[in-house]
Amino acid sequence: MTRTITLKIPDSVIERAQAASERSGNPLETVLTVWLEQAANHDLESLLVSEGVHTIYTPVGSEATADDLWEILQAHQSGKPNADKIQS
Amino acid sequence: MNQRIRFNYTSRFGGGDSLMPRLNFELYLRQHTIEITGIVDSGSTVNVLPYQMGLALGAVWQEQKPIAPLAGNLGNLEARALLLQASHPQLTGINKIEMVFAWSKSEDAPVLFGQMNFFLAFDVCFFRAENAFEVQRR
C-alpha cells in the first residue's frame, strides 16, 4: 500500500537526487523513496530537535594546535621564563 | 592510588535529549574563579574554552599566545592559548591541576575537555549504553 504525499524539497536536495537518479538510472521518485526508507531505518529523530541544527564543535585534526598547547604546558611546568604570560 | 569516579551522562536542558558526558570544573586564573561545565570529548584534539569564559576569568586576549588555528567549524575564528588551574572536588580534591585551553573567539562553542590535555591528566572510560562514564586522575 502506498500514499501520495506532496513535499516541498529544497533545491539542493533535488539536485543531489537528480544526480543520483541519472547515475543509477532510477526515476527521481524512486531515489527519494529509497532515501526516505533509509532515513526511517535509523534513529534520526534527534535530528529534529533544536530546530534541526546540531553544530559539531569538536576540533578533530587540530594537531598543530595541540602541539602549541603542549609546548606551552611543558615550558610552564619546566619553569621557563616567559613561557607564557599566565600567572595562574 | 587515585580513585575512579563514575559520573552520569547529563542533558544540557535537563531532559533526555543531548545526553553527553559532562563534568563541572572550577577554573582559576590569578584571583578569578569560575565554575564551568564541559563535555568530555575524546574526539577533540584540544581543550576548548569559549571567549566569554576567558574574559570572565580576567584573561586578556592580546596577552595570550597565538596558536595554530583550530580545525572544524571553530577554524574560522582565532584561538589563543590559555593556561589555567582547575579543580574538581572528587577528581582532584583540594589540589589544582594545570589545564591548557585553546581559547576561542567563539562565544557559541561549548567547553570541551579534549586530548590536550584533559586526557593526559585523566583516564576516562565511557559506558554510553549505561549513560555513564568513569574518570580517574592519573
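No salt bridges are counted between chain B and chain A. This is a predicted model. Polar contact does link the two chains: ten residue pairs count, with both residues at pLDDT 80 or more. About 2500 Å² is buried between chain B and chain A, and carbon and sulfur atoms carry 66% of that area.

Which strands of chain B each supply at least two residues of the side that touches chain A? They are β4 (22-29), β7 (79-87) and β8 (97-104). The largest share comes from β7(B), with five residues. By residue class, the side of chain B that touches chain A holds 22 nonpolar, seven polar and six charged residues. In total, 35 residues of chain B and 24 residues of chain A take part in the contact.

Now the sheet. In chain B, three strands form an open, antiparallel sheet in the order β1-β11-β10. Both β1(B) and β10(B) have a single partner strand, so each has one side without a neighbour in the sheet. From one strand to the next, the twist averages 20°.

The strands of this sheet span these residues:

| Strand | Residues |
|---|---|
| β1(B) | 4-8 |
| β10(B) | 122-127 |
| β11(B) | 132-137 |

How many bridges join β10(B) and β11(B)? The antiparallel pairing runs over six bridges. Phe122(B) stands opposite Arg137(B), a residue of β11(B).

Notes. Residues are numbered from 1 along each chain as its sequence is written. Chains are lettered from A and ligands numbered from 1 in the order in which they are written. This is a predicted model: local features need pLDDT of at least 70, side-chain atom pairs count only at pLDDT 80 or more; totals for chains, interfaces and linings use all residues. Side-chain values use heavy atoms; hydrogens and water are left out. Contact means heavy atoms within 4.5 Å. Buried area is the accessible area (1.4 Å probe) that two parts lose on being put together, summed over both. A salt bridge is a side-chain nitrogen of Lys or Arg within 4 Å of a carboxyl oxygen of Asp or Glu. A polar contact is a pair of N or O atoms within 3.5 Å; within protein, one must be able to donate a hydrogen and the other to accept it, and residues adjacent in sequence count only if both atoms are side-chain atoms. Helices (H or I, at least four residues) and strands (E, at least two) are DSSP runs, numbered from the N terminus. Ala, Val, Leu, Ile, Met, Phe, Trp, Tyr, Cys and Pro count as nonpolar, Asp, Glu, Lys and Arg as charged, and the others, Gly among them, as polar. Two strands pair if DSSP finds at least two bridges between them. Axes are lines fitted to C-alpha atoms, for helices over the stretch in contact, and angles run from 0 to 180 degrees between N-to-C directions.
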